[in-house]
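Have the model open while you read.

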Amino acid sequence: MGKSIKLNRGLDLRLEGGLDGSEKPVAVPSSTMAIYPDDFPGFTPKLCVREGDIVTAGSPLMYDKIYETVKLVSPTGGKVKAIVRGERRKIIRVEIEQQNDLKPLPTAPPESAEDIAAWLQNNGLWAMMRQRPYDIVPSPKATPVNIFVTAFDSAPLAPSLSGMTEGSAKEIAKGLELLKVLTPGEIYVSTRKSDNLELPSFVHNIIIEGPHPSGNPGVQAANIAPVNKGDTVWTLDITTVVRIGRLALTGHADWSTTVAVVGSEVKQPRILTTSVGSSIAPLVAGNLKTADHHIRIIAGNVLTGVNAGENGFLRYPYRQITVIPEGDDVDEFMGWASMSPKKMSVNRSFLSSLLPGKKFSPDARLNGGRRAMIMSEQYDKVLPMDILPEYLIKAILARDIDQMERLGIYEVAPEDFALCEYVDPSKLELQKTVREGLDYLRKELE
């Protein structure tokens with residue numbers, strides 16, 4: 001039994017369309033996958049393929065301009081179908097058309113820390129980790145004082161990570177063994193009390209209880225061993241540990257993923273197995289409710305996901321699709337101020353507060369207008385970290401580096417402020433603000 005931590009602050013959204021735990025994974029192949037460099041903050045992409053090139057699973061598609069050994073790789077063998085660019089020729093995504101007969105060459109795991117790091121960078125798994133401060137792909141020059149692994153996802157309607165890694169004890173042990181070589185400090189693996197995860201003896205198992213965002217690795221780190229100025233820590237999820245271990249044991253990276261298709265606009269919430277970066281269309285085909293209103297298909301959860309649409313692709317961390325009403329075609333009496341018991345709110349001013357077990361199907365509307373920042377202390381109620389979130393946001397907006405440092409910016413990531421954004425009466429884009437603040441701080445200090 002590991003150390004236990006109970007987090008009281010946070011909020012679990014009661015949404016319709018969740019999994020009931022009895023679902024069995026169904027394999028759904030996809031003919032096209034895509035990798036988005038924007039999913040990997042701190043990674044400045046440089047292409048190493050062209051349209052029409054043939055690639056194998058695990059072969060590089062892009063490398064980082066600053067650290068050329070850090071690469072994003074193809075999740076499948078096939079042909080480079082398209083390289084989609086945006087303004088100023090920014091790389092939006094690289095699409096791969098699958099060809100199953102293209103097999104990658106096996107790769108052997110190294111033993112020294114330097115060789116293990118290069119091996120992870122070359123095989124695309126380095127980019128699956130994150131570094132604090134700045135919430136970026138780890139710098140190859142930095143050595144983490146600790147590594148934090150989250151083995152559960154507390155986000156709304158999220159699938160169970162322990163279920164996704166069931167039967168992978170050997171891979172987990174091997175992956176953690178390799179990660180241990182990369183840090184002089186400790187490896188902390190956070191689980192729920194109900195999880196039955198076999199872990200090596202050198203790992204610290206921390207049992208975390210509490211509402212979302214208790215599953216965020218940054219929140220876990222802040223409550224286990226906070227990040228201080230000058231420190232570097234790494235965070236990752238248990239599925240990435242499994243991929244590292246499987247590559248070491250078999251010589252081949254496993255780019256399959258388990259995806260939960262959930263939400264109030266889904267006929268039957270279910271678990272699918274497909275490939276990283278898979279196109280969304282085959283994953284939701286025939287499973288969306290027939291409705292006369294617009295819907296939003298989110299790659300990810302409702303708090304941090306991306307509005308991808310049916311023609312979009314899975315986005316990092318590649319394990320959830322959520323479908324909810326869009327809300328742009330709704331015409332209801334009194335609008336956001338309606339007293340309907342169908343309204344979901346964190347405040348007790350709505351009738352829904354009298355129905356503690358009721359689940360809701362909210363749409364994507366803001367339900368209010370943007371306004372000046374209100375110091376209401378709402379953020380503190382849903383962010384279980386020892387910081388002053390409202391004052392940190394103000395320091396970021398003012399670009400006051402000294403204040404940002406004093407108020408704990410080295411500990412946070414945009415996802416940690418997702419619930420703050422949800423409860424914010426000012427309707428500020430807090431995740432975007434935090435991302436811009438982290439990028440500004442990194443640019444100024446490095």
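Predicted model: local features only at pLDDT ≥ 70, side-chain atom pairs only at ≥ 80, totals over all residues.

A salt bridge here means a side-chain nitrogen of Lys or Arg within 4 Å of a carboxyl oxygen of Asp or Glu. Three of them are worth a look:

| Pair | N to O distance | Where the partners sit |
|---|---|---|
| R315 and D39 | 3.0 Å | β18–β19 loop and β3–β4 loop |
| D135 and R435 | 3.4 Å | β10–β11 loop and helix α11 |
| K229 and E405 | 3.2 Å | α4–β14 loop and helix α9 |

Take R315 and D39: the pair links parts of the chain that are 276 residues apart. R315 counts as buried at 15% relative accessibility, and D39 does too, at 12%.

D135 and R435 are both buried as well.

How far apart in the chain are K229 and E405? They are separated by 176 residues. K229 is exposed, with a relative accessible area of 60%, while E405 counts as buried at 19%, because the cut-off for buried is under 20%. Salt bridges with shared partners also join R132, D135, D416, R435 and D439 into one network.

Now for the sheet. Four strands make up an open, antiparallel sheet in the order β3-β9-β8-β5. Its edges are β3 (32-35) and β5 (54-55), each pairing on one side only. β3 is joined to the antiparallel β9 (residues 91-98) by 4 bridges, and I35 stands opposite V94 in β9. D39, from the R315 salt bridge, sits in the loop between β3 and β4.

Methods
Residues numbered from 1 in each chain as written. Heavy atoms only, no water. Pairing = 2+ DSSP bridges. Helix = DSSP H or I, 4+ residues; strand = E, 2+ residues; numbered from the N terminus. Buried < 20%, exposed > 50% of the residue type's maximum accessible area, 1.4 Å probe, protein only.
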